[in-house]
Amino acid sequence: MSKLFSTDFAGRSISLKTDYVAGQADGAVLATYGDTVVLVTAVSLKTIREGVDFLPLTVDYQEMTFAAGKIPGGFFKREGRLNEKEILTSRIIDRSIRPLFPKNYFHETQLMASVLSGDNENVSDVAAMLAASAALEISDIPFKGPIAGVRIGRVEEGGAAEVAEEVIVDAIDFGLEQMRPVIELQDRMRAEAGKAKRAVVIPTIDAALVAKVTEAALPGLKEGYGMARKMERYAKLDEVRKSAVQKLTAENPSLKGKILEIIESLERRILREMILKENRRIDGRSNTEIRPISSEVGLLPRAHGSALFNRGETQALVTVTLGTSHDEQRMDYIAGEERRSFLLHYNFPPFSVGEAKPLRSPGRREIGHGGLSRRALIPVLPSKEVFPYTIRVVSDILSSNGSSSMATVCGGCLSLMDAGVPIRDTVAGIAMGLLKEGDQVVILSDILGDEDHAGDMDFKVCGTEKGVTSLQMDIKIDNLTGDILRKALSQAREGRVFIIGKLRETLAAPRPDISVYAPRITTVKVRPEKVRDVIGSGGKNIRQIVAETGVEINVEDDGTVTIASSDAEAAARAVAMVKWLTEDAEVGKIYNGTVKKIVDFGAFVEILPGTEGLLHISQLAKERVNKVTDILQEGDEVRVKVLEVDKQGKIRLSRKEALGENGQ
């Protein structure tokens with residue numbers, strides 16, 4: 001029988017229903033938040049695949065188009081691959097729950113979150129995260145929860161994109177307090193509807209084997225972690241692993257997995273002891289020291305902007321391409337369509353870590369790193385009115401040893417300035433690490449990949465000197481206090497400001513002009529009622545402008561006309577044509593018009609596209625005219641002067657006055 005649990009969440013009621021649908025899943029919860037409905041199921045296999053020594057966890061968040069009363073686009077008319085928002089939401093849920101599974105739990109586990117109804121007011125990702133935690137809580141799957149998620153905003157802040165570190169800590173504290181009702185709700189659900197948790201088999205420790213592995217591998221591992229360069233270090237560590245396995249499995253090959261597990265534990269212990277007890281890092285830096293930084297810009301002649309950013313052994317080649325509104329990316333979500341004019345794509349080819357693998361389409365890691373870097377740069381971009389370009393940033397990681405997403409932010413900022421994009425400040429990013437044992441806490445600036453693996457928290461902080469523009473934290477421990485977070489963010493700010501100084505040594509400000517190979521975009525504003533005159537019947541006028549000038553032209557409903565061309569003369573001709581199409585009749589001005597219709601009392605003459613005036617018979621000539629057709633025929637071109645435009649917009653014309661001004 002289904003059970004319903006509800007509480008107030010951020011001023012609105014949210015309900016969680018269990019034992020209602022998806023009865024064969026290990027846990028299933030239907031979350032209702034306003035008219036937003038999300039179903040989350042949790043399933044974990046009862047057996048472990050042979051050779052698996054990690055948690056094979058998959059989280060899939062999907063927005064069903066019927067949730068918004070839509071039919072999917074495309075040929076197949078059904079939901080397909082996850083879009084960017086779905087992937088990022090899946091990663092948020094994954095990173096929130098993954099550290100809360102037991103260390104020795106290796107059963108393949110999948111959570112599926114399906115948005116079944118969306119009201120565009122109560123956000124589905126927050127409901128999905130809550131339902132995911134609740135589904136695990138009531139299931140028999142071991143899980144050290146519950147968790148919840150909430151969005152925090154600060155009202156009336158103006159430039160809220162650059163947030164002070166203290167404000168971030170206050171926001172986190174505030175968010176934690178707001179989540180208490182739904183945390184308590186899940187505790188009640190587990191008590192009333194939860195299943196008994198599965199027993200987690202903790203492997204027995206073979207002390208004799210641990211001693212043998214330690215004796216065989218520890219000296220070589222310590223030697224390896226004394227090598228500063230990544231590839232040399234990895235080669236040494238690989239040699240030690242192979243040697244230990246070969247030596248200790250001669251009589252019992254089945255011990256290989258346990259031996260490698262012990263070696264991994266030894267490596268983690270070596271790294272942590274180096275940092276916590278010996279106060280030294282792999283490459284000899286202090287805890288706050290940043291790796292050597294170098295960068296250059298303009299290295300690719302035909303790219304609209306380019307930068308090569310180096311920090312230690314991490315290297316990013318970042319380029320900028322400028323396009324028009326036709327290049328905007330159309331994002332179709334259940335909440336509506338978004339047109340994106342700033343794109344950032346992050347690529348992580350296998351050679352960047354010395355591997356040889358087939359190239360695949362961007363994975364969740366690439367999408368996640370690109371999303372974080374994109375959010376970091378958005379706050380400093382110029383408005384569409386100031387810079388009406390579509391901007392695509394591409395970051396290719398050429399070498400990686402930690403912080404490649406932060407290298408993307410730094411290289412991205414430089415490449416934007418190299419492209420002449422008038423960003424309003426310099427942005428940098430830094431990856432931080434934290435190790436905690438007992439009361440001892442060590443915070444590391446600009447971490448390496450190995451330090452990330454051995455640490456208890458890693459967090460990436462991006463921003464300007466004024467404040468933070470993007471932030472991501474991965475926490476693997478409990479009891480992270482506000483004081484620790486404040487210290488970590490303060491140290492991150494010091495590192496970020498240092499890196500900003502290095503970037504400014506390469507390029508202090510955006511270039512005054514864009515590349516000669518980039519399209520020049522000219523914006524013309526016309527009255528909204530004149531838009532149809534620019535377009536013309538069936539797009540006739542637009543096609544004529546493009547045919548005669550070769551420009552790319554786009555017309556918005558608000559009267560914004562953008563003209564793009566790398567040929568300045570062609571762009572100027574197109575601008576003149578648009579102005580001519582939308583010009584208003586000016587009293588006293590002479591026009592070359594076309595006779596559209598002849599009546600007994602005069603002729604109607606088109607002086608501008610769609611704009612006609614009356615040429616009265618008395619204004620045809622200086623002498624008396626008996627019949628209009630004695631002087632004009634339909635289709636004739638005639639020079640006329642505007643005598644008057646009345647309040648209704650009616651125009652009086654004179655051929656006689658125009659003749660007089662021409663000396664005839």
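Figure 1. A disulfide is here a pair of cysteine sulfur atoms within 2.5 Å, and the structure holds 0 disulfides. Cys462 likewise takes part in no disulfide, its nearest cysteine sulfur being that of Cys410 at 7.9 Å. Cys413 is buried, with a relative accessible area of 0%; buried denotes under 20% relative accessible area, exposed over 50%, and partly exposed the range in between, with a 1.4 Å probe and protein chains only. Cys462 also counts as buried, at 0% relative accessibility. The model is predicted: local features need pLDDT of at least 70, side-chain atom pairs count only at pLDDT 80 or more, and totals for chains, interfaces and linings use all residues. Residues are numbered from 1 along each chain as its sequence is written, and side-chain values use heavy atoms, with hydrogens and water left out.

Figure 2. Thr464 occupies the loop between strand 16 (457-463) and strand 17 (468-475). Helices (H or I, at least four residues) and strands (E, at least two) are DSSP runs, numbered from the N terminus. With 0% relative accessibility, Thr464 counts as buried. The side chains of Thr464 and Glu162 are joined by a polar contact of 2.4 Å. Such a contact is a pair of N or O atoms within 3.5 Å; within protein, one must be able to donate a hydrogen and the other to accept it, and residues adjacent in sequence count only if both atoms are side-chain atoms. The Thr464 side chain also reaches the backbone nitrogen of Lys466 at 3.1 Å. Beyond residues up to four places away in sequence, Thr464 touches Glu162, Val380, Asp425, Thr426, Val427, Arg496 and Ile500, where contact means heavy atoms within 4.5 Å.

**Figure 3. Helix 4 and its buried face.** Helix 4 (residues 180-193) has 14 residues and reaches 20 Å from its first C-alpha to its last, close to the expected 20 Å. The expected span is 1.5 Å times one less than the number of residues. Val182, Leu185, Gln186, Met189 and Ala193 are buried in helix 4. Seen down the helix 4 axis, the buried residues fall within an arc of 100°, so they line one face; the arc is that of the directions from the axis to the C-beta atoms. An α-helix has 3.6 residues a turn, so residues three or four places apart point the same way. The face turned away from the buried side carries the exposed residues Glu184 and Ala191. Strand 1 (3-9), strand 2 (12-18), strand 3 (27-33) and helix 2 (124-138) are among the elements covering the buried residues of helix 4.

Figure 4. Strand 1 and strand 2 pair in the antiparallel sense over 7 bridges; two strands pair if DSSP finds at least two bridges between them. Asp8 stands opposite Ser13 in strand 2. The hairpin has 2 residues between its strands, and Ala10 in the turn has a positive phi of about 55°.

**Figure 5. The capped end of helix 1.** Asn83 caps the N-terminal end of helix 1, with a side-chain oxygen 3.1 Å from the backbone nitrogen of Lys85. Buried residues of helix 1 include Ile87, Ile93 and Ile97. Their cover includes strand 5 (57-63), strand 6 (109-117), helix 2 and helix 8 (364-377).
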